[in-house]
Amino acid sequence: MDKGWRFKNNERTYLDKVLSGGFGSGDSGTFVTQLEALFAEKHGQKYAIGCNSGTSTLHAALEAFGVGPGDEVIIPSLTVAMCGFVILQCGATPVYADVKEDTFLMDAADVEKKITEKTKAIMPVHMYGLMCDMDEIMDVANRHGLYVLEDCAQCFLAHDRKGRISGTIGHAGSWSFENSKHMSSGDGGILTTDDAILSDHMRKFAWLGYKNITESTSNNRLDKAMYQSPTWKRHSINSYNYRLPELCAAVALAQLENLDKFCELRHMMGTGYERVIKENKFDILVPQKTPKGYKNSYYTFAATFEGEKYGIEWHEFREKYMSYGGDGIFGALQLVGNEPCFKYNKIGWGITPTASKLQQKLMLFTTNQPDEKEIQVQMDCLDKTIKHFKVTV
Ligand SMILES: *Cc1c(COP(=O)(O)O)cnc(C)c1O
């Protein structure tokens with residue numbers, strides 16, 4: 001397979017422009033600006049801020065919310081460790097909410113149970129490509145006066161039953177351009193918001209705290225005479241260098257121009273797996289439930305493996321699938337609080353029985369195939385695997 005299939009449009013042209021333009025000679029970077037403008041427009045949001053990862057974005061957003069020592073931030077326990085890391089980096093404590101049995105996503109009812117007087121923010125994570133029920137989460141957040149940060153690293157251009165795009169409902173949305181995501185610049189990330197004050201703070205925090213960075217631009221060298229003067233004081237806040245490199249922004253812009261196509265391919269693949277399972281009328285796999293009216297963007301196709309009740313083991317199923325030429329099946333990541341860095345140091349709290357159960361049963365299938373032919377290969381593998389075990393019970 002051609003490993004570079006996703007990077008065959010404007011990527012090389014734009015990269016060349018960055019180099020021939022000498023990185024914009026120290027300007028804020030034209031590709032960053034263009035990427036931010038197009039990403040914001042596509043999401044109907046006022047502001048977008050390019051960052052160097054989908055972890056630094058989360059950190060910048062929590063900082064802008066004012067999350068600090070003594071505060072608590074609620075995340076689902078079934079997510080990536082990075083969601084917990086950024087809370088620690090703010091000096092705050094992660095609190096784990098349980099997920100729903102059918103959608104595998106953050107359960108607003110459990111979030112509400114985990115709220116204390118220290119809670120400052122809620123971070124719903126749209127896992128595997130499907131949006132959480134944002135009406136329920138915003139209702140809890142509004143009643144308790146909490147900030148909401150949507151982690152959309154795995155969820156591009158999905159929508160809910162009201163047609164609202166992922167990342168546009170909470171106070172801020174965050175995406176990653178790491179290589180496994182819907183669009184990639186190797187590494188990179190972006191934030192969106194409609195709030196000028198949050199945008200100003202996130203941008204300053206992620207771009208070295210230059211005081212004349214504003215909500216809508218990172219270009220802090222507009223007035224040369226002022227900027228070059230020895231009397232000019234530059235930094236208004238202590239911050240990080242989370243800048244999105246111009247080379248990455250060039251690739252990300254070219255990727256964004258093709259994002260709809262990438263999402264359509266993943267959608268075709270996700271719905272394909274679902275069809276194969278349904279047609280076999282054998283409940284060895286139960287797919288993540290996409291509620292009516294929602295569009296799942298299928299970062300991965302997630303299903304619980306129910307073979308144990310027929311005496312079939314998780315690894316046995318995976319090995320058979322691989323032997324037919326299947327691309328791979330990932331298990332779920334450890335619950336955040338079970339990762340050694342949290343567990344050994346006893347950081348964070350919250351019991352999440354449904355997430356614990358799902359973590360052991362989940363199977364995650366790849367959805368990043370270049371064309372219908374490759375998609376069909378994987379469909380056939382799954383079909384053969386299910387049929388193999390169907391006849392043995
Ligand atoms: C990938 C991912 C991140 C982190 O993104 P990076 O760009 O790798 O830092 C955060 N949250 C979720 C849900 C992810 O899948």
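**Exercise 1: The buried area**

Domain 1 and domain 2 bury about 4200 Å² between them, with 63% of it on carbon and sulfur atoms. Buried area is the accessible area (1.4 Å probe) that two parts lose on being put together, summed over both. The model is predicted: local features need pLDDT of at least 70, side-chain atom pairs count only at pLDDT 80 or more, and totals for chains, interfaces and linings use all residues. Residues are numbered from 1 along each chain as its sequence is written, and side-chain values use heavy atoms, leaving out hydrogens and water.

Solution. Start with the bounds: domain 1 spans 5–258 and domain 2 spans 260–390, from an automatic or database domain assignment.

**Exercise 2: Contacts and charges**

Task: count the residues in contact, then the salt bridges across the interface.

Solution. Contact means heavy atoms within 4.5 Å. By that rule, 50 residues of domain 1 touch 50 residues of domain 2. On the domain 1 side, the residues divide into 24 nonpolar, 13 polar (Gly among them by definition) and 13 charged (Asp, Glu, Lys and Arg). Now apply the salt-bridge rule: a side-chain nitrogen of Lys or Arg within 4 Å of a carboxyl oxygen of Asp or Glu. It finds 2 salt bridges across the interface.
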